[in-house]
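Please open the structure in your viewer and keep the selection tool at hand. The tour below goes from stop to stop, saying what to select and what is there.

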Amino acid sequence: MTATMSRDAEQAGQGTQTLTIAKGLNLGLRAAMEADNKVILLGEDIGRLGGVFRVTDGLQKDFGEERVLDTPLSESGIIGAAIGLAVRGYRPVCEIQFDGFIFPGFDQIISQLAKLHYRSEGRISVPVVVRVPYGGGIGAVEHHSESPESLFCHIAGLKVVSCSNATDAYWMMQQAIASDDPVMFFEPKRRYWEKADVDTTAEPGPLMASRLVRRGDQNTTKRATLVSYGPQMRTCLDAATAAAEDGVSLDVIDLRSLSPLSLEPVFESVRRTGRLVMVTEAPSESSISSEVAARVQQECFYSLEAPVHRVTGFDTPYPPAKLEEHYLPDLDRVLYAVDQTLAY
Amino acid sequence: MSSPETWTHPEPGAVPAATAAQPTPEQVIAGLRATTEGGIELTQLLTPEGERVASPIFDGFVSDIGAEQLRGLYRDMVLVRRADREGNALQRQGQLGIWVPLLGQEAAQIGSGRALRPTDMAFPSYREHGVAWARGVDLKDIFGIFRCTDQGSWDFQGSRLHPYTIVIGNQVVNAVGYAMGQKFDGKVGNASHEDTAADSDEATITYFGDGATSQGDVHEGFVWSSVYDAPVVFFCQNNQWAISEPTERQSRLPLYQRARGYGFPGVRVDGNDVLACLAVTRWALHTCRNGNGPVLIEAFTYRMDAHTTSDDPTRYRLSEELEVWRLKDPIERVRAHLTRTEGADQEFFDAVDAEADEFAVELRDYCVNMPDPPPERIFSNVYAEPSPALDAQRDSYLSYLAGFESTAGEG
Ligand SMILES: Cc1ncc(C[n+]2csc(CCOP(=O)(O)OP(=O)(O)O)c2C)c(N)n1
Ligand SMILES: [Mg+2]
């Protein structure tokens, strides 16, 4: 086996290395497939091509066509068959080619994937991971830039997560596959090529937990908390750096787990800073950002110095990409919201 | 007119064995799988060498096509190919975000598109620039889609060309609904005799690929159309590939044979033969207009270029396959036929080329000068009825933007 292994195969579990998010996901998938031969991948163009984003690059070559399936072009089939495979004892990982193409599979996700464990009173579990490259900023045509994650957060029985960096890509993918629950795994496609040093040996934290990724200077009077996930984490971290130069100190929290939410780190931070700005690309109405705002005002009411501010996509379809710079929250919009909350 | 049923019986030997695995590169070269031979069921009127072959069933549908009309079809294909190559070039030069090439599929699109009457309706997928041309749509109006300034700017209702549809299979059921409406409106079956069709009769055509045939929507469209005898032609361009997946990943049998299971005729036509595509589509539209319900046409063709400009086909297919298909080029065979039959001379071909060059320049000029849409476009037309909530979001965003301008002015 070792002799036939590619260089990638040797790369997993080799201590610290510089990886892109795409490569982190790829190595995470590889590690999970090596650890458990019931892990199989299903998707369109994921085999010989390695996926349109190359996240599954080399996996069919090394694991064969029965573990990396170039499926017929039907998302309902991909999810539905994955459910059947899971019932049979497999741990399928589905790739949906782009966010906007998940909807033919929506019925299977909502009606079966999310509910089988509940309906069967725990007798059936469906450890399926559904990988969804999501979000905009790549200059694409329609249906290739959407942020539909809130739709899935509304559904009990699904776990919904999103990674924002290569380390999480590597570890969260393995943890999602190991989970006995169905996991919707949202991948920030426009950040696929961002690099980070990843320690592939360090013990990861829990999957379903948010994380304080930047702690602001506690001695500054101008303070606020930024909460985000996925593709907007980079924007928020850049905003925090820029704000620091202006004497504004920002905590930055990566939600990671979008449903169920784990908001303790957010509450803890907001109790200190008194101000919250929530940033997402998704539209704001009835969304994750609404949920965070509601819970924070409930839990931190007496600590809040200003209403919760949200910087989000507009409540419109994703516009033609020539307009996406207006649609997507950017550094300026985040800093503007920070100013507003401080001026309140 | 003989019954189309004669095409729907699978030849016992024609059903390929199930291929569980993708073909190896060796198999791709050796057998070229089903991809270069359409089988004996293939309807062809012009061979790749440009020879006219007789078809007792379909000849009657192109009896009006003489040298002049063939020159017209040739011109259509050359202009559309030229527009397509210009699209590719514009993308490479950063003027377009992406381009979806139709190279190799000109005959399928022009032949079927020219079979339509102005009152017929067409529901395209995303590669149908040739159909758009045949519908009389100004091709400039599709470039905005790929420049990402809009999502199609032609007159959708007037041209009777629905917006491009990117979510695979969606448009097929929509087309069926439209065709049901044509029928409910009494626009079907008004001819006094089977062999004619009333001027008022209408039909719908919808376009999709070989990959799309796996989608539930396409199956549902087949079912609905058959139950309601909807006057809809399902025009499947089997270009042998769905991005990196060969047609074998979608089906064990030739796609046209699926129609039989739904109870309507299916025909496989040489998709690189513009005359055959015209004849077969005219026949199909005719039977729709006469109230016989749907028809499936599988146009057997080949995607000569990448899936899109973002795709790298060298990762999954061999150039040998391309070489074999190059010999079946849809434009070359018409040119050969016109030359052989003295239906056109060099002067004509040169004139078409010159026109194509001018056309390309015109498209390029238009494209590079296309203005970006204003930010307020984001908020417009979300709803047909007024939306105070979105008006407020728009106003708030525009005043935010204006804030930058005034700051810039001060500086
Ligand atoms: C529902 C859906 N899933 C996936 C995609 C991504 N995708 C775009 S084109 C394509 C292949 C389509 O192949 P085919 O139907 O043969 O048409 P062709 O592109 O060859 O014209 C895929 C998978 C999509 N657009 N819609
Ligand atoms: Mg195809």
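**Stop one: the cavities**

Select E149(A), S228(A), Y229(A), P231(A), Q232(A), V279(A), T280(A), E281(A) and A282(A), which together line the second largest cavity. On a 1 Å grid over the protein atoms alone, a cavity is a set of points where a 1.4 Å probe fits but cannot get out, and lining residues have an atom within 4 Å of a point. This is a predicted model, in which local features need pLDDT of at least 70 and side-chain atom pairs count only at pLDDT 80 or more, while totals for chains, interfaces and linings use all residues. Residues are numbered from 1 along each chain as its sequence is written, chains are lettered from A and ligands numbered from 1 in the order in which they are written, and side-chain values use heavy atoms, with hydrogens and water left out.

The second largest cavity has a volume of about 40 Å³, where a volume is the space filled by probe spheres set on the grid points, joined across faces, edges and corners. Strand β13 (residues 276-283) of chain A gives the largest share of its lining, 4 residues; strands (E, at least two residues) and helices (H or I, at least four) are DSSP runs, numbered from the N terminus.

Now select A140(A), V141(A), E142(A), P320(A) and A321(A) together with I145(B), C148(B), D150(B), Q151(B) and I166(B), the lining of the largest cavity. About 50 Å³ of space lies there, and a search of the whole structure finds 2 cavities of 30 Å³ or more.

**Stop two: the nonpolar cores**

Select M184(A) and L255(A), which touch the most other members of the largest nonpolar core, a set of 158 residues. Such a core consists of buried Ala, Val, Leu, Ile, Met, Phe, Trp, Tyr and Cys residues joined through side-chain atoms within 4.5 Å, and buried means under 20% relative accessible area, exposed over 50%, and partly exposed in between (1.4 Å probe, protein chains only). Helix α10 (residues 274-289) of chain B supplies the largest share of this core, 11 residues. Apart from it lies another core, of 19 residues, including A175(B), F234(B), L255(B) and L296(B).

**Stop three: helix α10 of chain A**

Move to residues 264-273 of chain A, helix α10, where V266(A), F267(A), S269(A), V270(A), R272(A) and T273(A) are buried. After the helix comes G274(A), with a positive phi near 80°. In the loop between β12 (257-259) and α10 of chain A, select P260(A), which a cis peptide bond joins to S259(A), with omega about -10°.

**Stop four: the magnesium ion**

Select ligand 2, a magnesium ion coordinated by D210(B) (OD), N239(B) (OD1) and W241(B) (O) at 2.1 to 2.2 Å. Donors are N, O and S atoms within 2.8 Å of the metal (3.2 Å for Na, K and Ca), and water is not among the atoms, so sites may look incomplete. Along the chain the donors follow the spacing D-x28-N-x1-W. N239(B) is buried, with a relative accessible area of 4%, and W241(B) is buried, with a relative accessible area of 4%.

**Stop five: two loops of chain B**

Finish with E342(B), in the loop between α12 (330-340) and α13 (346-368) of chain B, which has a positive phi of about 55° although it is not a glycine. Is E342(B) buried or exposed? At 74% relative accessibility, E342(B) counts as exposed. N381(B), in the loop between α13 and α14 (388-410) of chain B, has a positive phi of about 65° without being a glycine, and N381(B) counts as exposed at 70% relative accessibility.

Terms used:
On a 1 Å grid over the protein atoms alone, a cavity is a set of points where a 1.4 Å probe fits but cannot get out, and a pocket is an open set with protein on both sides within 12 Å along at least five of seven lines; lining residues have an atom within 4 Å of a point.
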